[in-house]
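Trainee: Could you walk me through how to read a few features in a model like this one? I'd like the general idea each time, then the case at hand.

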2 protein chains.
Amino acid sequence: MDEFASIRHWTDGRQAAERQRAQGVVIGIGDDAAVVEAPPGESGALQWLLAVDTMVETVHFNSATMSEADVGWKALAANVSDLAAMGGVPRHALVSVSVPRSWEPARMRRLYDGLYACAEHYGVAVIGGDTTSSPAQLVVAVTAVGTVGAGKAISRAGAKPGDIVFVTGPVGMSAAGLHWLLAAGQSGDEAVPLAAAQAAGTASLVQAHRRPSPSVRAAQLLAARGTVTSLNDVSDGLASEAWEIAGASSVKLALRKSQLPVSGSLAAYAHSCGLDPLDWLLYGGEDYVLLGTISAEDAAPAKSAMAAEGMPMYLIGSVEPGEPGVDLIRTADGSGGGAGRPKERREPIRPKGYNHFA
Amino acid sequence: MDEFASIRHWTDGRQAAERQRAQGVVIGIGDDAAVVEAPPGESGALQWLLAVDTMVETVHFNSATMSEADVGWKALAANVSDLAAMGGVPRHALVSVSVPRSWEPARMRRLYDGLYACAEHYGVAVIGGDTTSSPAQLVVAVTAVGTVGAGKAISRAGAKPGDIVFVTGPVGMSAAGLHWLLAAGQSGDEAVPLAAAQAAGTASLVQAHRRPSPSVRAAQLLAARGTVTSLNDVSDGLASEAWEIAGASSVKLALRKSQLPVSGSLAAYAHSCGLDPLDWLLYGGEDYVLLGTISAEDAAPAKSAMAAEGMPMYLIGSVEPGEPGVDLIRTADGSGGGAGRPKERREPIRPKGYNHFA
């Protein structure tokens with residue numbers, strides 16, 4: 001199959017015309033550029049959101065840690081998460097793939113299976129891309145386009161002293177899943193089967209790594225309240241993202257270790273490895289839950305409103321004045337546990353995370 | 001330098017705030033996604049154009065054929081050309097780079113020198129991107145966003161029998177330049193200096209390869225006439241692009257060999273190599289001039305109007321009914337050259353071009 005036949009094989013007939021129409025697509029895949037208009041039926045002025053995320057074979061995945069369909073899903077999901085982290089609605093995606101000659105055609109088709117599954121799940125119209133060969137590793141760069149009400153985008157720069165820090169789901173699961181996959185997958189060059197993870201009790205960790213679920217609905221609900229002052233997705237790890245908010249907002253974030261959401265399977269797996277889960281919680285990354293700050297008076301009401309919709313929201317700390325930074329507050333051991341306030345110990349957290357050039 | 005410091009080093013202070021404002025940038029580089037609004041002062045409704053183009057080290061360039069700054073320029077220029085080929089105005093760009101650890105920091109900074117030079121030349125605001133490491137080769141994927149008047153985008157599907165086929169500049173120069181560079185650059189791992197090309201008489205060919213100039217102004221002028229029925233940029237070669245118009249429009253394109261624009265330096269270089277320049281003209285690619293069709297009655301007036309603005313427009317053939325395809329018409333040798341019409345010979349041209357999977 002040549003390049004053009006390949007593109008048709010990957011993309012023809014994969015999305016209903018209605019999906020493309022609903023997203024204002026005038027000209028989609030196949031011309032020099034795609035043409036889109038603002039979706040109909042929206043009230044008020046919109047602004048456009050644009051983000052790009054790239055996955056590189058051997059850097060972000062290998063054949064044991066993820067199937068091709070997982071790679072396709074996650075390449076788009078990472079972008080959808082970036083748009084959610086601005087409070088926006090995902091609408092369009094363009095896909096650049098650089099394909100090694102050693103990749104059999106069926107592998108790329110499966111990659112697009114996962115990509116289109118993610119697109120349908122989040123209502124995204126795939127409208128274009130570019131296809132090149134690659135001398136060695138597969139590289140997938142997805143650009144996503146979304147909309148947000150004019151002036152309503154939530155940046156990372158608005159956190160204020162007194163605000164409450166929240167996350168919309170447990171963190172560290174993706175990193176723990178990757179840890180298990182790297183150990184389990186050393187022998188083969190096929191993706192480690194999910195059944196093996198189920199047998200080991202790590203299925204939810206593995207799925208968090210392979211098929212992250214961006215918090216689009218949670219972002220909509222939170223953004224509509226008008227009280228969220230900053231928002232990031234946890235792509236580089238809680239510590240790194242908290243530092244980004246602290247730096248952009250010129251504030252200190254104080255996180256309470258006891259409030260960090262730890263999934264049961266994460267705790268069990270860490271215990272079985274003899275590891276402290278804190279490292280994964282703070283530095284794991286690729287969780288794609290939302291980390292944000294919200295005005296103190298609306299924190300509890302927002303948490304209730306989220307719960308009513310079946311979505312978790314964990315209040316994990318507070319915003320303080322001071323030099324930009326992130327502190328972790330631990331309740332000191334041996335503090336008695338009586339009626340008095342337990343002693344607390346603070347330590348600064350470094351802005352570590354996965355750093356591509358470190 | 002870590003990843004975040006690198007991004008700042010490449011991008012901070014590189015574009016005036018006025019450039020970003022003029023392009024409706026609300027939030028640029030540094031958050032989860034960029035936020036843009038339609039530029040002020042435009043009359044009538046707009047539609048958005050989106051395109052992505054990728055350059056891969058060893059596939060599209062190597063250290064001898066192009067400097068880092070050339071790669072940056074061309075990665076953006078290829079996208080600007082895609083937007084021009086829809087009749088649009090380029091506005092925004094996002095840049096995904098996958099950087100080998102072996103690349104010294106100064107090399108990436110120079111890549112961004114070229115990218116920002118191209119951005120300034122075409123009035124494009126660079127608004128975001130993604131930075132990852134790469135195990136081996138550099139990969140640059142640029143996404144460009146532009147605007148076009150609602151309903152005014154020129155696709156490749158509107159060519160009609162009777163229309164005239166045109167190009168907006170000479171073709172084959174980039175391929176000839178690459179041919180010379182590959183021969184000249186075998187020894188070193190530095191980009192072949194332009195002075196060497198000047199000495200060899202191939203400077204214009206080398207510059208066509210390294211610093212292509214998308215036909216944005218020409219596209220604006222032509223689109224405003226309302227008589228252009230299809231438009232492509234010559235990224236994959238004249239034959240391939242003509243085939244795309246023929247296929248999308250369900251027509252035959254008949255090109256006259258004698259009308260194809262051949263630059264003097266291309267002819268001289270081909271002669272010095274003992275090669276027929278026709279191969280470069282038809283199959284060279286990466287010229288980024290425009291290939292299109294225009295109504296017969298407006299072909300000559302459009303050519304005059306373009307000439308008045310100092311821009312070439314070559315009328316190279318016509319559109320015919322029939323099965324989709326492309327024919328080359330040669331004037332037969334020995335046809336006498338008298339007052340009678342010279343004999344003609346037709347041959348079908350294959351849709352060959354640079355194919356990444358061929």
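Trainee: Which residue just after α1(B) takes a positive phi?

Mentor: That is B:Gly13, with a phi of about 70°. Helices here are DSSP runs of H or I with at least four residues, strands are runs of E with at least two, and both are numbered from the N terminus. Keep in mind that this is a predicted model, where local features need pLDDT of at least 70, side-chain atom pairs count only at pLDDT 80 or more, and totals for chains, interfaces and linings use all residues. Residues are numbered from 1 along each chain as its sequence is written, chains are lettered from A and ligands numbered from 1 in the order in which they are written, and side-chain values use heavy atoms, with hydrogens and water left out.

Trainee: Which residues of α1(B) are buried?

Mentor: Buried means under 20% relative accessible area, exposed means over 50%, and partly exposed is in between, using a 1.4 Å probe and protein chains only. In α1(B), the buried ones are B:Glu3, B:Ala5, B:Ser6, B:Trp10 and B:Thr11. They pack against β4 (89–100), α4 (105–122) and β5 (125–134) of chain B.

Trainee: Where is B:Gln15 placed, and why does B:Gln15 count as buried or exposed?

Mentor: B:Gln15 sits in the loop between α1 (3–11) and α2 (17–22) of chain B. B:Gln15 counts as buried because its relative accessibility is 13%.

Trainee: What does the side chain of B:Gln15 make a polar contact with?

Mentor: A polar contact is a pair of N or O atoms within 3.5 Å; within protein, one must be able to donate a hydrogen and the other to accept it, and residues adjacent in sequence count only if both atoms are side-chain atoms. Here the partner is the side chain of B:Glu120, at 3.0 Å. A polar atom of the B:Gln15 side chain also lies 2.9 Å from the backbone nitrogen of B:Val126. For plain contact, look for heavy atoms within 4.5 Å. Setting aside neighbours within four places in sequence, B:Gln15 has contacts including B:Tyr116, B:Ala119 and B:Val124.

Trainee: Which residues does UniProt list for "binding site"?

Mentor: Treat such labels with care: annotations may be inferred rather than shown by experiment, feature names are shortened, and positions are given in the numbering used here. An unreviewed UniProt entry lists A:Asp32 and A:Asp82. They are spread over 51 residues of sequence and also in space, up to 25.9 Å between C-alpha atoms.

Trainee: What surrounds A:Asp32?

Mentor: A:Asp32 is in the loop between β1 (25–27) and β2 (34–36) of chain A, and it counts as buried at 8% relative accessibility. Leaving out neighbours within four places in sequence, its contacts include B:Asp82, B:Met86 and B:Asn232. The side chain of A:Asp32 also makes a polar contact of 3.0 Å with the side chain of B:Arg156.

Trainee: And where is A:Asp82 found?

Mentor: A:Asp82 is in helix α3 (residues 68–84) of chain A. A:Asp82 is buried too, at 7% relative accessibility. Not counting residues up to four places away in sequence, A:Asp82 touches A:Ala51, A:Asp53, A:Asp233, B:Asp32 and B:Ala33.
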